[in-house]
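Please read the points alongside the model.

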Amino acid sequence: MGAHVVAIVRGPGKAELARSLGAHDVIDSEKEKIGRALTKMGGADVILLTAISARLFEQCIPGLGRTGRW
């Protein structure tokens with residue numbers, strides 16, 4: 001579909017798995033702030049969370065681009 005997929009993982013062990021499943025880039029939430037990293041990449045158009053976590057939600061929102069959707 002042409003999307004640039006960025007996976008957010010916790011810990012270095014999951015980065016390789018995320019890439020093998022199709023992620024173009026990986027953000028390790030233990031090493032960097034999620035919102036800041038997404039903003040550096042130009043901001044996310046879509047954020048899809050598969051984990052139920054208010055904290056994760058709060059960390060991702062700042063990385064949403066101007067025309068992005070939650």
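1. **Basis.** This is a predicted model, in which local features need pLDDT of at least 70, side-chain atom pairs count only at pLDDT 80 or more, and totals for chains, interfaces and linings use all residues. Residues are numbered from 1 along each chain as its sequence is written, and side-chain values use heavy atoms, with hydrogens and water left out.

2. **Confidence.** The chain has a mean pLDDT of 90 (pLDDT is the predictor's confidence in each residue, from 0 to 100). A value of 70 or more is reached by 97% of its residues. Strand E2 (residues 25-28) has the highest confidence, at 96. Strand E4 (residues 64-69) has the lowest, at a mean of 82. Helices (H or I, at least four residues) and strands (E, at least two) are DSSP runs, numbered from the N terminus.

3. **Strand pairing.** E1 and E2 pair in the parallel sense, over four bridges (two strands pair if DSSP finds at least two bridges between them). Ala-7 has Val-26 in E2 as its bridge partner. Ile-8 stands opposite Ile-27 in E2. With helix H1 (residues 15-20), E1 and E2 make a right-handed β-α-β unit. Right-handed means that, with the strands pointing away from the viewer, the path from the first strand over the helix to the second runs clockwise.

4. Buried means under 20% relative accessible area, exposed over 50%, and partly exposed in between (1.4 Å probe, protein chains only).

5. **The largest pocket.** Its volume is about 1200 Å³. Of the 35 lining residues, the closest to the centre are Val-6, Ala-7, Ile-8, Ile-47 and Leu-48. A pocket here is an open set of points on a 1 Å grid over the protein atoms alone, where a 1.4 Å probe fits, with protein on both sides within 12 Å along at least five of seven lines; lining residues have an atom within 4 Å of a point. Grid points are joined across faces, edges and corners, and the volume is the space filled by probe spheres set on the points.

6. **What lines the pocket?** Strand E1 (6-9), helix H2 (34-40), strand E3 (44-46) and helix H3 (54-60) each supply at least two residues of the lining. By class, the lining has 20 nonpolar, eight polar and seven charged residues. Ala, Val, Leu, Ile, Met, Phe, Trp, Tyr, Cys and Pro count as nonpolar, Asp, Glu, Lys and Arg as charged, and the others, Gly among them, as polar.

7. Asp-45 sits in strand E3, and is exposed at a relative accessible area of 54%. Pro-12 lies in the loop between E1 and H1, and counts as exposed at 58% relative accessibility.
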